[in-house]
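Here are a few notes to read alongside the model, written as numbered points. Please keep the structure open while going through them.

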Amino acid sequence: MGFPEEVLEHVFSFITSHTDRNVVSLVCKSWYEIERWCRRRIFVGNCYAVSPAMMIRRFPEVRSVELKGKPHFADFNLVPDGWGGYFYPWICEMARAYPWLEEIKLKRMVVTDDNLELISKSFKNFKVLVLSSCEGFSTHGLAAIAANCRNLRELDLRESEVEDLSGHWLSHFPDSCTSLQSLNMSCLSSEVSFSALQRLIARSPNLKTLRLNRAVPLEKLSTLLRRAPQLVELGTGAYSAEIRPDVYANLTEAFSRCKEVKGLSGFWDVLPSYLPAIYSVCSRLTSLNLSYATIQSPDVTKIITQCPNLQSLSVLDYIEDTGLNALSLSCKDLRELRVFPSDPFVANANVSLTEQGLVAVSEGCSKLQSVLYFCRQMSNSALTTIAKNRPNLTCFRLCILEPRAPDYLTFEPLDVGFGAIVEHCKQLQRLSLSGLLTDRVFEYIGKWAKKLEMLSIAFAGDSDLGLHHVLSGCDSLRKLEIRDCPFGDKALLANVSKLETMRSLWMSSCSVSLGACKRLSQKMPRLNVEVIDEQGDLDSRPDNCHVEKLYIYRTVAGPRFDMPSFIRTMDQNPTYRS
Amino acid sequence: MELYLGLALSSSSSSASSCSSQFDLNCHESTIPVHRSKKRKHDDDYDHVPQTLPLLVWNNNFCCNKNQLNEEHQDHDNDGDDDDEVESNSISVRHRNIGGVIGWPPVKLCRRKVCHRKIGNGGGGDDGDGGGSKSMYVKVHMEGIGIARKVDLNMHQSYQTLVLTLANMFGKCYGDVKLTYQDKEGDWLLAGDVPWGSFIKTIQRLKLLKK
């Protein structure tokens, strides 16, 4: 094109979405060159899809890197320890190549204290560290970050597993550090020094997000809130204390001063008597996470009926159908609902939460887009009603607690119900199935779910045909995770090229044979076909034996070598046999 | 609403299926064993027993038994050597990780810790599967009913859930009962006045009274 580089660069700076930037880079060689020099943000959805060296070679001036490691099913203990997802090779290369790096965001990766220390010492302008569902580090690593990152803006440890050696790490923030805007330490259990916390908050005028951990006592919350009336997102600590009028009064007053608060979370160990203290902020709330609050329906209802601007609600099933009904009447702006089980391992219902609650919300909340719902019964008619009420759903994750539970009214499979969901909700991007399902539901999914990007399947289907429908029909599919389904070789081998259009496929406790894995790997050199088998001794197994777990992903980096002995990448070149 | 509880017992048959025999709570002895049913009840059972709650535990049996309502698909590879866990007197059949389905339901570790938080524990140090190994069973009597039951107090963190569970246990409505307990000193007190933590430390036995 005739424009000088600087002009193009300036234009490109307005293009922020990763997919758009990728498209831009494909227009022509000069655009590719200009684009790669001015790309500032990188997202790598699978850390094994590309090597750090490749990333650095192509994009030399990056300021923000986001990586994801383990497969999603790692959240549910299906991925064995030692699987991989190490941050180490990335930080080694980036420390050398990206001195101006400002942001690191990791999900499901293994991060060590040494890695954290290296981050804290390598990047002079380091600002944002988000460790989501990560593990492998301790509070010592956090101390290094606190001590050395002079311009730290954000430290978010959401749901990571941290070896909690002491709360002392927080005291390592120097007095000169005043840049903090966001701190999420909710996953930690140790008590931090309260005075250090108080002083840190007091000298952080831009602090917008503060998520405390359970150990911060309720009696002291008002002290903190008074020093941060500008907070937008607050996560409380344990929400109970001895019933004392002065504590209650202080808390109520402190909350009433928080005019900017839009989101609340925390609420462990709730003592209902203290809940009215938050009422003054309810009318402004757009986000409320009560999913750790073991309070009964009347108490939950009292809160949510005061939140007309609520957009996102996470709650335990203690809310019951009555509470969800109240939600549907009060919160007309609701976009996202997540209902978690209070007693997931018990067969009979401990609460009166059924499919009716979800139906009510689907009727009353016209903007509802995203649902995560755990329940004990479902029917095709309810699912169909929900689908027709809410064709604007983009995420529908239903977990009926009992595997293979049929429609509780008709005892039929739930194929028709889920079929209605995919047929009516044409923008559906994410779907999780449960209940009794035959191959028919996959026929519907393959036919209708053209925008579906992520699909989770468990205890479903009858035969390979089910998997074939999905692989051949779902045009936008990127991530597919399957457990305990009778899917085998045929569907996989009939859809090999599809697998290269996806990020990854996980299959565990299915019927895929070792031989099929080998053949797949030989046909598709740009896939890593990894077999996980903890019973060991893969070499001596016959080709017709079923593999325990299978993880297939596209990659330009070739097979990885950081695996434990029970994970094997299938040979891509059949002549190399050990 | 009267809840009639049907407890499916396993019977001896070649394919490890179970027959279902219902029995009335009140006609049985004080220890009412709850057997894990290895197969779901048939459709006909739902016809003549209204409001029966099928008591089911998901375990490897569910993985193996495909489409359990359909006789033709009965799976014979069932692991018949699963130990029959007899949960004495607890209405909720507790899932244990051993013999259970790994990773199901799909609830993250941090949430499982909250659901099965042991009393007095800060929430950390759990074994991750959520099936707490500590139980705290106390005897519960219902006014007017001869048979005592037992309840595991460690499965509760509040009076409300406890009363709800106990009411269900005896087929009573939550609003029709009030809960009393006997403390360490032998005194009978109305439950709910002291914080849960103190209650747990002092309680010896429970009694449900009709309002």
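1. Angles under 35 degrees count as roughly parallel, and this cut-off is needed for the next point. Please bear in mind throughout that the model is predicted.

2. In chain A, helix H15 (residues 380-389) packs against helix H16 (residues 415-424) at an angle of about 5 degrees, and their axes lie 7 Å apart. H15(A) and H16(A) are therefore roughly parallel to each other. On the side of H15(A), the contact is made by residues including Leu383(A), Ile386(A) and Ala387(A), while H16(A) contributes, among them, Val416(A), Phe418(A) and Ile421(A). Sorted by kind, the residues of this contact divide into seven nonpolar, four polar and two charged.

3. Chain B holds an open sheet of five strands, whose order is E2-E1-E5-E3-E4 and whose pairing is mixed. Strand E2 (145-152) and strand E4 (188-190) of chain B are the edge strands, each pairing on one side only. On average, neighbouring strands of this sheet are turned by 30 degrees against each other, with direction ignored.

4. Within chain B, strand E3 (residues 177-182) and strand E5 (residues 205-210) pair in the antiparallel sense over six bridges. To follow one of these pairings by eye, look at Thr180(B), whose bridge partner in E5(B) is Lys207(B).

5. Where is Gln230(A) placed in chain A? Gln230(A) sits in the loop between helix H9 (218-226) and strand E10 (233-235). The side chain of Gln230(A) reaches the backbone oxygen of Pro205(A) at 3.4 Å. Leaving aside residues up to four places away in sequence, Gln230(A) touches Ser204(A), Pro205(A), Leu207(A), Lys208(A) and Glu260(A).

Methods: Residues numbered from 1 in each chain as written. Chains lettered and ligands numbered in written order. Predicted model: local features only at pLDDT ≥ 70, side-chain atom pairs only at ≥ 80, totals over all residues. Heavy atoms only, no water. Helix = DSSP H or I, 4+ residues; strand = E, 2+ residues; numbered from the N terminus. Polar contact = N/O pair within 3.5 Å; in protein donor to acceptor, adjacent residues only side chain to side chain. Contact = heavy atoms within 4.5 Å. Pairing = 2+ DSSP bridges. Axes fitted to C-alpha atoms, helices over the stretch in contact; angles between N-to-C directions. Parallel < 35°, antiparallel > 145°, perpendicular 65-115°, else oblique. Nonpolar A, V, L, I, M, F, W, Y, C, P; charged D, E, K, R; others polar.
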